[in-house]
Amino acid sequence: MTISTKRRWLLLAVVSAGLLLITLDNSILYAALPTLVEDLGASSSEGLWIINAYPVVMAGLLLGSGTLGDRVGHRRMFLIGLVVFGAASLGAAFSTGPEALIAARAFLAVGAAAMMPATLALIRVTFDDERERNMAIAVWGTIAVVGSALGPIISGILLQHFWWGSVFIINIPVVLAAVVATLFVAPPNDPDISKRWDLVSSLLALVALVGLVIAIKETAKTDPDPAVIAAAVLAAAVGGWTFARRQRRLPYPLLDFAIFRNRAFLAGVLAAGFALFAIAGIQLVTTQRFQLVEGFTPLRAGFLVAAVAVGAFPTAVLGGAVLHRVGLLPLITGGLALGAVGTVLVLTNFATSMGLLVTGLIITGSGLGAAMSVASSAIMGNVPARRAGMASSVEEVSYEFGSLVAVALLGSLLTAVYSATIDLPAGVPEQARDSLDSALALAGQGSGANSALITAASEAFDGAYLAVLIVVATVLAVGALATGVLLRRHGPGSALSGPAHL
């Protein structure tokens, strides 16, 4: 069935709205968490899980939901995801305790996991022309960056005028509008009932992915529990090994590992993970540094990190427009390399020049925006339409894991370097070594030793911030090198796709 040009671009707008909701909810609670903890009486552990329940559950479900979409139809999966997401948003907004909010966030993740692969798969099956599809996927990739950057800004604005539940209520009208629009503009549902969706494989993938996430997060704690780490690693290893073994025996596997033989596909997956690692890491540590050291409000800090999105938007769209001419190599490898350069500019000027800091964030966003949008084209353009759900799920698992690993590892590094390097003034309790928040609380409004404590703590935190940015720049450089090797035959004038191995 041929879909008119107008309907194709209207569909892109609809699925982009769904993607915006998904990515917003990844970061929208960063500014709202202190209010949530106070109003609901949540412990520090419960506060952590209010944030983490969403990405952890979504990462575990993404692979299975994308392949299920190949079987039942991506339009149907998108609509189901929207309804679940809307219902979960309502439940989250009116939660009466931390346990209820954690459960609602997990339920939100179920809706997001159903929706997210369908957004990209619907683009893949609707846009037949390669140039149009590249542009559409570029817009999709841009929305992913913009949504993540807008989360702290939107929550900061809402919290100035409304109660914390408003950060979830705003999802409802968008969900309702998207459901109605999907019914009119989306192509007919096209299920392939010959494909068998294996529930056991989906559960094994969930066990493996969630086990790995829990192991990373527990290891990143100041006082990790070896028993929890051992159990999580064991679950991840057994689940992953059993999952891989089962896939090789199934006629219709949840994940066909042969797709990774395509170098362009693999480079796209790696680029997506590296880019989200950098974006999440920079957003996490920069908002903390400028709130705690410089005294920024959450809203002002959110606007600062939005510079990444400002840089990403034009290059993501431009990347999709010129991809057919310049090829994958300059945009993916060059984009990651440019992101590394921008990060170096940030780390060398964050304490001396706000102008150069913002310039560095914009340059970083420019490189990562181009790499992300073109990575999506590399992934979706190197599988047949019948594997669109599987491919989009692999990409989105890469996104989620890039973000999760950044938050877990870089957050741990920030705390570790701060604790190891702070030079406590005489008479100051060791508690000040735990975190900058603790040091500032101990310092209070005094002078003398208290003033010296604030200075020492701020200097140590700046050293930790510098260490984190060095790691981010190094990871982006490694990503540029790895994708450069994989894409060495995908320079200007080369084909964007190759054998799909499926």
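Ser16 sits in helix α1, residues 5-27; helices here are DSSP runs of H or I with at least four residues, numbered from the N terminus. Beyond its neighbours within four places in sequence, Ser16 touches Val139 and Ile143, with contact meaning heavy atoms within 4.5 Å.

A quick word on the source. This is a predicted model, with local features needing pLDDT of at least 70 and side-chain atom pairs counting only at pLDDT 80 or more, while totals for chains, interfaces and linings use all residues. Residues are numbered from 1 along each chain as its sequence is written, and side-chain values use heavy atoms, leaving out hydrogens and water.

Now to the helix pairs. The axes of α4 (residues 74-93) and α5 (residues 98-126) come within 7 Å and cross at roughly 155°, the axes being lines fitted to C-alpha atoms over the stretch in contact, with angles from 0 to 180 degrees between N-to-C directions. So α4 is roughly antiparallel to α5, a label for angles over 145 degrees.

Next come α14 (residues 328-349) and α15, whose axes come within 7 Å and cross at roughly 160°. That angle makes α14 roughly antiparallel to α15 as well.

Finally, how many residues of α15 are buried? The count is 20 of 27, leaving α15 mostly covered.

Notes
Helix = DSSP H or I, 4+ residues; strand = E, 2+ residues; numbered from the N terminus. Parallel < 35°, antiparallel > 145°, perpendicular 65-115°, else oblique. Buried < 20%, exposed > 50% of the residue type's maximum accessible area, 1.4 Å probe, protein only.
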